[in-house]
Amino acid sequence: MSGNPDVKEHQLHPDLADFVLVGDVGSGKTALTLALLESTDELLKTQAVVFHPSHVVDTPGEFTSRPAYYGALLATIAEISTVVYLQPANSRAFSLPPGLLHVYPDKRVIGVVSKTDLPDADTESACRVMADHNISPPYFLTSTATGEGVADLRSFLISLQTSDAGMGACEEPGEQAVIGGNEY
Ligand SMILES: Nc1nc2c(ncn2[C@@H]2O[C@H](COP(=O)(O)OP(=O)(O)O)[C@@H](O)[C@H]2O)c(=O)[nH]1
Ligand SMILES: [Mg+2]
């Protein structure tokens with residue numbers, strides 16, 4: 001439909017829609033996007049915003065790590081309901097731009113711990129980093145290397161589309177929420 005080469009044509013999960021992945025460079029956004037979509041696209045460094053069908057959007061890490069790109073990030077996510085924030089399991093650096101939730105207070109933010117398979121993974125610390133920055137549980141623990149948590153996150157994102165208002169990320173964790181509660 002679109003002549004934009006950044007718009008992908010495949011649509012394996014048409015009900016998976018309306019979310020944008022943000023997180024630091026190398027946090028695993030593209031790998032997780034492709035895993036969620038079950039896409040066979042090659043994993044390349046994301047140089048631009050990539051629009052998959054149904055408002056599934058992968059962003060370059062520079063969008064969160066460089067203030068000069070914040071405007072582009074804010075414009076990109078304006079029309080999208082859900083922000084999926086990736087916190088690598090081996091990192092304690094938080095990289096969601098601080099103003100984002102103030103500019104768009106109505107966005108649903110889902111916290112994902114990525115790369116849980118890494119030998120130096122510390123998922124509890126990663127969850128705590130998100131909690132300390134006002135991202136509410138449940139958090140999803142994922143690895144695209146082992147496949148852990150990918151199907152659960154996909155089901156959750158799809159459930160947001162099928163229920164009218166969707167389930168807020170700060171509400172009762174579902175079965176798929178591996179870590180939840182208020183201890184963080
Ligand atoms: N071990 C491991 N490596 C991963 C995982 N997800 C992504 N990677 C690797 O981390 C690097 C960056 O991933 P990418 O998806 O491009 O990150 P992005 O910059 O956030 O889009 C790549 O070399 C991936 O193969 C994961 O779950 N486990
Ligand atoms: Mg990428």
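**Around the ligand**

Visitor: Which residues are closest to ligand 1?
Guide: Keep in mind that this is a predicted model. In it, 16 residues surround ligand 1. The closest of them are Gly26, Lys29, Ala31, Asp117 and Thr144.

Visitor: How many residues of the shell around ligand 1 are charged?
Guide: Let's sort the shell by class. It has five nonpolar residues and seven polar ones. The charged residues in this shell number four.

Visitor: How far is an oxygen atom of ligand 1 from an N or O atom in the side chain of lysine 29?
Guide: Let's take a few contacts in turn. A polar backbone atom of serine 27 is 3.2 Å from a ligand 1 oxygen, and an N or O atom in the threonine 30 side chain is 2.9 Å from an oxygen of the ligand. For the side chain of lysine 29, the distance is 2.7 Å.

Visitor: What percentage of the accessible area of ligand 1 does the protein cover?
Guide: On its own, ligand 1 has 570 Å² of accessible area.

**Two helices**

Visitor: Are α1 and α6 roughly parallel or roughly perpendicular to each other?
Guide: The axes of helix α1 (residues 29–37) and helix α6 (residues 150–162) come within 9 Å and cross at roughly 75 degrees. Angles of 65 to 115 degrees count as roughly perpendicular. Therefore α1 and α6 are roughly perpendicular.

Visitor: How many residues of the contact of α1 with α6 are nonpolar?
Guide: From α1 come Leu32, Ala35 and Leu36, and from α6 come Val150, Leu153, Arg154 and Leu157. One residue of this contact is charged and none is polar. The nonpolar count is six.

**Backbone details**

Visitor: Which residue is joined to proline 138 by a cis peptide bond?
Guide: Proline 138 sits in the loop between α5 (123–132) and β6 (139–141). Omega of the cis bond is about 10 degrees. The partner is proline 137.

Terms used:
Residues numbered from 1 in each chain as written. Chains lettered and ligands numbered in written order. Predicted model: local features only at pLDDT ≥ 70, side-chain atom pairs only at ≥ 80, totals over all residues. Heavy atoms only, no water. Axes fitted to C-alpha atoms, helices over the stretch in contact; angles between N-to-C directions. Helix = DSSP H or I, 4+ residues; strand = E, 2+ residues; numbered from the N terminus. Parallel < 35°, antiparallel > 145°, perpendicular 65-115°, else oblique. Contact = heavy atoms within 4.5 Å. Nonpolar A, V, L, I, M, F, W, Y, C, P; charged D, E, K, R; others polar. Near = heavy atom within 4 Å. Polar contact = N/O pair within 3.5 Å; in protein donor to acceptor, adjacent residues only side chain to side chain. Areas by Shrake-Rupley, 256 points an atom, 1.4 Å probe, with all protein chains shown as cover.
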